[in-house]
Amino acid sequence: MAGRWIEQWEPEDETFWREKGERIAKRNLLFSVLSEHIGFSIWSLWSVMVLFMGPQYGVDPAGKFFLIATATFVGALIRIPYTFAVARFGGRNWTVFSALLLLLPAGFAFAVMEPGTSYTTFVLVAALTGVGGGNFASSMTNINAFFPLRKKGWALGLNAGGGNIGVPVVQLVGLLVIGTAGAMHPRIVLGVYLPLIVVAAVCAALFMDNLAPVKNDTGAAREAVKARHTWIMAFLYIGTFGSFIGYSFAFGLVLQTQFGRTPLQAASLTFVGPLLGSLIRPIGGSLADRHGGARITLWTFAAMAAATGVVIYASVVESLAVFLVGFIGLFVLSGLGNGSTYKMIPAIFLAQGHRKGLAGEAAEAYGRRLSGASMGLIGAVGALGGLGINLAFRQSFQTAGTGTGAFVAFLAFYAACIVVTWAVYLRRPTAVPETAEGAEDQETRPGYAKV
């Protein structure tokens with residue numbers, strides 16, 4: 001897979017970007033979105049498969065929550081090696097390979113999805129779908145290298161949003177199958193995705209490029225691990241992406257377990273929240289480009305806390321209508337926050353370059369090194385938030401028969417995210433000014449919300 005290698009890539013050079021770079025970057029973005037989209041669909045496959053698992057499967061609600069938690073956990077962990085694979089093998093080459101790898105979980109699920117299969121087998125196959133979660137990390141690292149800083153919020157938001165839409169799309173496919181063929185035919189869903197996986201791999205092979213200047217930098221990886229902002233942003237990303245993926249996986253099962261919805265009724269509602277959250281992610285990145293990621297992130301967490309309060313109230317009074325309003329609001333807001341938090345990462349590390357006395361291309365190169373190295377780790381830790389959400393639901397339903405306790409815990413976490421965002425990135429300009437000029441007068445500037 002020698003592929004097509006681009007030896008010189010200078011996206012911050014406006015002439016290069018205008019004459020050549022933008023066209024190439026947008027083409028790679030398009031087919032990166034396609035592959036990541038299919039990856040997200042496979043990763044979230046068990047949020048759909050559990051809707052097909054009636055009493056004849058012998059799996060209780062707690063067992064179903066554990067299946068989707070297993071997929072979430074593996075998908076989170078695998079993001080770390082996927083981050084470094086782009087520089088090692090090339091963005092195009094790795095996209096082809098990682099897309100074809102999705103045939104394994106889809107194929108095995110096709111083989112075992114029937115009553116009588118052991119629960120252990122279901123857990124192992126659910127774990128395999130985690131490879132779809134890794135596609136996000138490699139895709140974001142790859143696209144981050146293609147675009148200049150001024151375009152990263154939009155590009156990363158579009159790339160991630162297009163990938164995130166894979167969650168509601170597979171849920172829509174599940175709805176169509178349940179609505180037409182019935183809940184006894186889960187293999188039809190898998191039959192739809194097997195050829196789509198091949199299409200995504202072929203398109204990546206034909207239309208994407210490898211960037212030769214992108215190299216794995218073990219020094220940058222070590223520095224990113226030691227950087228406090230890597231872990232602060234990972235914590236905030238738990239609140240945004242962790243919420244999105246955790247709620248996406250659990251929504252249909254919560255509707256079935258807490259509100260007694262049938263598989264068809266649950267499937268007809270499950271896709272709405274993830275769809276809206278995915279569509280709004282690029283808007284979150286765009287708003288962050290204009291108004292500052294920290295400011296957008298802060299208000300997003302405040303609104304998520306309010307929406308969680310609505311969900312807690314609806315859960316206590318057992319109002320499905322109010323519950324849906326609050327829960328879908330959480331999806332929309334988490335999608336908005338996904339875009340704004342990821343925009344913050346390259347800006348923060350560019351600013352750290354300025355604080356080290358670097359300027360111009362040297363500061364930009366430092367920012368690219370550290371942001372690229374940190375994104376996989378931040379994405380992996382953030383995805384673990386989805387594991388936490390599903391385990392919290394599992395425990396809440398096991399002990400109280402309702403999800404109210406889990407939502408109270410989520411509310412407390414969003415409150416912590418509000419405090420951290422304000423204290424670190426908005427309270428006073430002592431940590432991460434966005435520009436060299438900001439570094440010069442950071443003691444007198446009234447904050448740095450443009451981060």
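The charged end of Arg427 sits over the ring of Trp422, 6.0 Å from its centre; such a placement requires NZ of Lys or CZ of Arg within 6 Å of the ring centre and within 35 degrees of the ring normal. The model is predicted: local features need pLDDT of at least 70, side-chain atom pairs count only at pLDDT 80 or more, and totals for chains, interfaces and linings use all residues. Residues are numbered from 1 along each chain as its sequence is written, and side-chain values use heavy atoms, with hydrogens and water left out.

**Exercise 1.** Classify the aromatic pair of Trp43 and Phe249.

*Solution.* 
1. Rings of Phe, Tyr and Trp (its six-membered ring) pair if their centres lie within 6.5 Å; planes under 30 degrees apart are stacked, over 60 edge-to-face and the rest tilted.
2. The ring centres of Trp43 and Phe249 are 5.6 Å apart and the planes stand at 75 degrees, so the pair is edge-to-face.
3. Trp43 belongs to helix 1 and Phe249 to helix 13, 206 residues apart; helices are DSSP runs (H or I, at least four residues), numbered from the N terminus.
4. Both Trp43 and Phe249 are buried (under 20% relative accessible area, with exposed over 50% and partly exposed in between; 1.4 Å probe, protein chains only).

**Exercise 2.** Classify the pair of Phe235 and Phe413.

*Solution.* 
1. With 4.9 Å centre to centre and 50 degrees between the planes, this pair is tilted.
2. Phe235 lies in helix 13 and Phe413 in helix 19, so the pair ties together parts 178 residues apart in sequence.
3. Phe235 is partly exposed at 26% relative accessible area, and Phe413 is partly exposed at 25%.

Key
Helix = DSSP H or I, 4+ residues; strand = E, 2+ residues; numbered from the N terminus.
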